[in-house]
Amino acid sequence: ARGAVTEEQAEAKLKELSSFFLDGLYWNHYPDLNADPKDTLFEITSTPCHHAHEGYAYCNYYVDGPEELSQQYGVLTQCLGYCALLSDLVFGTAAPITTHYDLDAVKVGDQIRFRDYEHSVLVTEITESADGTRSYRLTEVNRDYESCEIDWDRVMTKADMLALGDEIRIITRYPVAKDGTVS
């Protein structure tokens, strides 16, 4: 099936995915350590990982994820794997990948990568308040760096993100013009 090409289509697809990747459950293959990562992409459990004691053995990996991301970040596991998988499910695996740094150009379906925090989130909705402040509703896993819990309700503003003092990269599947603007 053809992937989303508009924010409205991306938002609708993400709403569908939220009924499978349920908020409060865990994206992991716990406790089957012999599981093939290709067979566990859609493994949702009610048992959290426990990274402090078990390392990352129970976490899911997106082994067939976008090559551009694998080359840049290595193994697509936990938050990065989850966001890359959802992005492929929303836009299709053939959709181009472009990285930019303009939070004002973020669109629904874009991944936001906090480099130093080594954390990725995916934008599910964008709202604007009367004063012009944009808020981004996000989905992510492993927000606590410990459990691989799925979360669909984190909201951050641009100021919240900038206050982290981190390099923020936007990974988009939307077309980018030659001048670098997202279309």
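**Following the aromatic rings**

Let's start with a group of rings: F20, F21, W27, F42 and Y82 come together as one aromatic cluster. Keep in mind that what you're looking at is a predicted model.

How many aromatic pairs does the structure hold? There are seven of them. To talk about any one of these, you need two things: a pair of aromatic rings is described by the distance of the centres and the angle of the planes.

Take F21 and Y82, two members of the cluster. Their rings sit 5.8 Å apart, centre to centre, with 80° between the planes, and that makes an edge-to-face pair. Now look at where the two residues come from. F21 belongs to the loop between α1 (7-18) and β1 (26-27), while Y82 is in helix α4 (residues 78-91). That's 61 residues apart, so this pair links distant parts of the chain. Are they buried or exposed? Both F21 and Y82 are buried.

Next, find F91 and Y174. Why do we call this pair edge-to-face? Because the planes of the two rings are at 75°, and planes over 60 degrees apart count as edge-to-face. The ring centres of F91 and Y174 are 5.2 Å apart. F91 lies in helix α4 and Y174 in the segment after β8 (168-172), so the pair ties together parts that are 83 residues apart in sequence. F91 and Y174 are buried too.

Y174 has another neighbour to spot: K107 lies over the face of its ring, 5.0 Å from the ring centre.

Definitions and conventions:
Residues are numbered from 1 along each chain as its sequence is written. This is a predicted model: local features need pLDDT of at least 70, side-chain atom pairs count only at pLDDT 80 or more; totals for chains, interfaces and linings use all residues. Side-chain values use heavy atoms; hydrogens and water are left out. Rings of Phe, Tyr and Trp (its six-membered ring) pair if their centres lie within 6.5 Å; planes under 30 degrees apart count as stacked, over 60 as edge-to-face and the rest as tilted. Helices (H or I, at least four residues) and strands (E, at least two) are DSSP runs, numbered from the N terminus. Buried means under 20% relative accessible area, exposed over 50%, partly exposed in between (1.4 Å probe, protein chains only). A charge sits over a ring if NZ of Lys or CZ of Arg is within 6 Å of the ring centre and within 35 degrees of the ring normal.
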